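Try each task before reading its solution.

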Amino acid sequence: MAPLAIRRATKSFGGFEVLHGIDIDIEDGEFVVLVGPSGCGKSTLLRLIAGLEDITTGEILIDDKEVSRLHPKDRDIAMVFQSYALYPHMSVAENMGFSLRMRDVKPPERDRKVQAAAEILGLTPLLDRYPRQLSGGQRQRVAMGRAIVRDPKVFLFDEPLSNLDAKLRVQMRAEIRVLHKKLKTTIVYVTHDQIEAMTMADKIVVLRDGHVEQIGSPLELYDTPANAFVGGFIGSPA
Ligand code: ADP
Ligand code: MG
């Protein structure tokens with residue numbers, strides 16, 4: 001059973017097609033990186049998977065069940081954004097518990113889940129702080145915590161590190177890999193940074209202008225790029 005499959009997915013905005021029939025199969029527990037230049041459709045594809053945009057044609061399957069018409073809340077998916085999008089007036093614990101509150105998870109269980117996620121992310125001492133009192137890396141951890149508390153089937157990350165400085169970015173890459181190992185979950189991670197893709201992915205999907213150019217392991221892409229675009233993109237410095 002594939003946790004996530006995307007079948008012939010297209011997306012148009014006002015009659016203008018930006019995704020032209022995307023097919024991707026993702027295995028259980030896989031760390032998949034979607035990589036490609038700015039504007040190629042990475043965020044749009046993630047938003048289709050999450051249900052934040054309606055698919056134009058095609059299907060999205062989670063555990064072999066078609067979810068394209070389901071409300072985002074009813075898909076077993078959590079998304080982490082580049083902008084963190086933390087609620088400034090809520091503490092770390094409240095930020096992390098919010099999506100559970102929206103799903104009617106009651107306090108004893110909610111607190112237990114928040115504490116467990118905080119433990120995994122090293123956020124336990126910060127649960128009573130507010131976003132403005134946190135560093136960039138800590139805010140990013142809280143954003144991940146909000147996703148983890150829900151224990152979703154699939155995590156979606158949209159360029160989660162692009163607001164961080166270079167040193168912290170390298171550290172957070174490693175942290176996210178460790179997190180993936182701990183949670184044994186399926187991750188779809190978007191970046192325009194090929195170094196990030198090569199160092200983090202089990203499987204890389206190279207997108208260009210709304211098409212999949214190649215899907216393969218980092219080594220496969222490096223050794224046998226499908227075409228000059230993939231070769232140039234993967235081989236060039238960040
Ligand atoms: P990426 O994340 O790879 O940088 P996006 O998915 O954001 O790319 O965008 C892909 C294309 O879709 C771009 O041409 C962008 O302008 C267009 N696009 C994205 N969202 C919208 C929208 N809400 N309305 C119209 N066009 C959009
Ligand atoms: Mg984007």
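**Exercise 1. The contact of H2 with H3**

Task: Find which residues of H2 meet which residues of H3.

Solution. Keep in mind that this model is predicted. Start on the H2 side: Ala93, Met96, Gly97, Leu100 and Arg101 make the contact. On the H3 side, their partners are Arg110, Lys113, Val114, Ala117 and Ala118. Now sort this contact by class. It has 6 nonpolar, 1 polar and 3 charged residues.

**Exercise 2. The geometry of H2 and H3**

Task: Describe how the axes of H2 and H3 cross.

Solution. First place the helices. H2 covers residues 92–102, and H3 covers residues 107–121. Their axes come within 9 Å and cross at roughly 130°. H2 is therefore oblique to H3. Last, the hand: the crossing of H2 and H3 is right-handed.

**Exercise 3. From H3 to H4**

Task: Give the angle, the hand and the residues of the packing of H3 with H4.

Solution. Take the angle first. H3 and H4 pack at about 135°, and their axes are 9 Å apart. This pair is therefore oblique. H3 passes H4 in a right-handed crossing. Next, list the contact. From H3 come Ala117, Ala118, Ile120 and Leu121. From H4 come Arg141, Met144, Gly145 and Ile148. By class, they divide into 6 nonpolar, 1 polar and 1 charged.

**Exercise 4. H4 beside H5**

Task: Decide whether H4 and H5 are roughly parallel or oblique.

Solution. Locate H4 at residues 136–148 and H5 at residues 166–183. They pack at an angle of about 20°, with axes 11 Å apart. Angles under 35 degrees count as roughly parallel. So H4 and H5 are roughly parallel to each other. Their crossing is right-handed. In the contact, H4 supplies Gly136, Gly137, Gln140, Met144 and Ile148. H5 supplies Leu168, Met172, Leu179 and Leu183. That contact has 6 nonpolar, 3 polar and no charged residues.

**Exercise 5. The span of H5**

Solution. Then step past the helix. Just after H5, lysine 184 takes a positive phi of about 50°.

**Exercise 6. The shell around ligand 1**

Task: Name the residues around ligand 1, then find which helix gives the most to the shell.

Solution. Go along the chain. The residues around ligand 1 are Phe13, Val18, Gly36, Ser38, Gly39, Cys40, Gly41, Lys42, Ser43 and Thr44. Helix H1, residues 42–50, gives the most, with 3 residues. Finish with the classes: the shell has 3 nonpolar, 6 polar and 1 charged residues.

Technical notes. Residues numbered from 1 in each chain as written. Chains lettered and ligands numbered in written order. Predicted model: local features only at pLDDT ≥ 70, side-chain atom pairs only at ≥ 80, totals over all residues. Axes fitted to C-alpha atoms, helices over the stretch in contact; angles between N-to-C directions. Helix = DSSP H or I, 4+ residues; strand = E, 2+ residues; numbered from the N terminus. Parallel < 35°, antiparallel > 145°, perpendicular 65-115°, else oblique. Left-handed = near helix turned anticlockwise from the far one by under 90°. Contact = placed C-beta atoms within 7 Å. Nonpolar A, V, L, I, M, F, W, Y, C, P; charged D, E, K, R; others polar. Near = placed C-beta within 6 Å.
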